[in-house]
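Subject: Structure for you to look over

Dear colleague,

Please find below the sequence and the structure that I promised to hand over.

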Amino acid sequence: MRRFLAGKASGVPRPFDALSLTVFAVAFVSVLATFRQYGIAWDEQGETVYGALLIKYYASHFQDHSAFEFVNFRFYGGGFELPAALLGRISPFGEYETRHLTSALLGLTGLVATSRLARALGGERAGALAAVLLALNPVFYGHMFINARDVPFATGMVCCLLLTVRALDELPALRARTAALFGLTLGLTMSVRVGGVLALLFFVAPVAVWLAVRVRSGVPRAVVARDAMRSAGTLLPALVLAYAVMAVFWPWAVQAPLNPLRALVMFSRFPFDGLELFEGKLVAARALPASYLPMLLVVKQPVLLLAGVACAVGFGIVALRRTADAPGGREPLKLIAVAFAAAFPILYFVVARPVLYNGMRHFLFVLPPMTVLAALGLDRALNAVRSRGLRGALAAAITLAGGAQLRALVALHPDQYVYFNALVGGARGAQGRYPLDYWGTSLAQATHRLVDELVLRDDAPKPGSPPYKVYVCGNVWSAASFFPSWLTPVEHVEDADFQIAIAQFYCKHPEGSRPVSTVTRDGAVLSYVDDLRPHDAEQATR
């Protein structure tokens, strides 16, 4: 097992740390330069309302409970929504632009934590590889701006994992600083999604392995039991702090003692009766096959990441076979923690088959630990190649694969999250087989194109004329937020002059409609605009 982690002592020069810092800086500049170019995701309008209601709860001295009655949002914490709502009141940007910037900066925090975790396990080069892999991952990068639940949650989980790795060096008694940071991070993570409790499981699992190894190696059981009690004793204050932090951002959770458990049960049996497009078929979200999540991970993640994970698995198996005895030292425990964090959620889905929808977004939090494993695998592969020429060829292949990911980021902007890899022919090959723009962020671009087209054709309503009526197939707010005064949304397509729709199975071209424009990425149609007016009526407006 120690051989698998040999990269940590491989004498890699400091320039790889400089590469990591360069990746962070470029990603930061990219965020600042582009955050205002992203559309509004389906859930964002409701999330902004929830954040405002949480402010009302505190402003009313805990008397206004409307936040707890707003749809089903009480089951979600306000770990992102409350700070975003407060920032929105002082930000020079618009409400949604502020959200996108805040969410993206949290995503960058997750990027840094992922790189630092890989560095802690494998050295400077592994840390740099992890930084490149995650920064150039279109799925993660695209979600950073628009997914204010799953990205902050993923960041919280990887930060907890980084602190777990630090804590493993301190067993059996955690230092006060480590315990406090873990408690704070755990509380913030659970205040975004109650599933953050998994971070505690990812902490306990390697500790349990450590205790079991000590028993097997002959340490008296009384000593092991004492160390277990010391570990639990130093962790307990962290859990108290976590609960207190969670309560601040998720006040519903402490309205009744069992509320967090109710939320956990609800999400494990989420009441969603919709259909999901999977491998070209519509499947009930309540009856997805066990292959759903593993297959989406295979087709939506860059091939370089998959190759790195495969290398990590291969080297890990070899290392285990060479280690007849139980692993000694703390380094293997750290690897166990990361591997468990990457694999357990996937295995849980395969076995339990909870309700899942919108692709793999609910499992974005497995990407950072998967990235760490991939970075370690690629780093170990570079170490394993003895020939300088072959090592150079492997490094060149990794560089070219990273360049392909960068190209995808640019080509798909600002809808990077719809990325599919070459195994299915990219987004074009995935069209009709898997969901693409389920968030509806491309509706902003479709709206701009409709407005530009009507203005160019001098087809906009004249001053004093009634506005055109637009039906939005998708979340109306994702398009209507960008309507000029002469466009107005309607609830029924029969009443509309135009339709703006996302290219999902539940949206259709009405009979007799004429195409106005489409929004495409990588050859796939994400959204489109239809002219629903009778031909004579259209001519009369010109």
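In what follows, helices and strands are DSSP runs, a helix being a run of H or I with at least four residues and a strand a run of E with at least two, and both are numbered from the N terminus. In those terms, D495 sits in the loop that joins β4 (487-490) to β5 (498-502). Please keep in mind throughout that this is a predicted model.

Once residues up to four places away in sequence are set aside, D495 touches K469 and V490. The C-alpha atom of D495 is also 9.3 Å from that of L532, although 37 residues separate the two along the chain.

The largest pocket

The largest pocket holds about 720 Å³ of space, and 30 residues line it, with L19, V23, V132, L136 and G402 lying nearest its centre. Three helices, α1 (15-34), α5 (124-135) and α16 (388-412), each supply at least two residues of this lining, and the most comes from α16, which gives nine. Sorted by class, the lining of the largest pocket is made up of 20 nonpolar, eight polar and two charged residues.

Helix α16 also contains Q405, a residue that counts as buried because its relative accessibility is 3%. Leaving out neighbours within four places in sequence, Q405 is in contact with L133, L136, N137, P138, P302 and L304; one of these, L136, is among the residues that lie nearest the centre of the largest pocket.

Helix α1 and its two sides

Helix α1, which contributes to the lining of the largest pocket, has 20 residues and spans 28 Å from its first C-alpha to its last, close to the 28 Å expected at 1.5 Å a residue. Its buried residues are D17, S20, V23, F24, A27, V31 and T34. Viewed down the axis of α1, these buried residues fall within an arc of 140 degrees, and they therefore line one face of the helix. As for what covers the buried residues of α1, the cover includes α4 (95-122), α5 and α6 (138-146).

F145, which is found in helix α6, gives a residue-level view of that region. With a relative accessible area of 1%, F145 is buried, and its contacts, apart from neighbours within four places in sequence, are V31, T34, F35, Y38, H100, S103 and A104. Of these, V31 and T34 are also among the buried residues of α1. The C-alpha atoms of F145 and A41 are 9.4 Å apart, while the two residues are 104 places apart along the chain.

The cavities

The largest cavity has a volume of about 40 Å³ and is lined by M157, V158, L161, F202, A341, F365 and P369. Helix α7 (residues 150-168) provides the largest share of that lining, three residues, and by class the lining comprises seven nonpolar residues, with no polar and no charged ones.

The second largest cavity likewise contains about 40 Å³ of space, and A27, L108, L111, L134, A135, F140, Y141 and M144 line it. Helices α4, α5 and α6 each supply at least two residues of this lining, the largest share being the three residues that come from α6. Here too the class count is plain, with eight nonpolar, no polar and no charged residues. A27, one of the lining residues of the second largest cavity, is also one of the buried residues of α1.

With best wishes

Note on methods: Residues numbered from 1 in each chain as written. Predicted model: local features only at pLDDT ≥ 70, side-chain atom pairs only at ≥ 80, totals over all residues. Heavy atoms only, no water. 1 Å grid on protein atoms, 1.4 Å probe; cavity = no way out; pocket = protein on both sides within 12 Å on 5 of 7 lines; lining within 4 Å. Points joined across faces, edges and corners; volume = space filled by probe spheres on them. Nonpolar A, V, L, I, M, F, W, Y, C, P; charged D, E, K, R; others polar. Expected span 1.5 Å × (residues − 1). Buried < 20%, exposed > 50% of the residue type's maximum accessible area, 1.4 Å probe, protein only. Arc of directions from axis to C-beta. Contact = heavy atoms within 4.5 Å.
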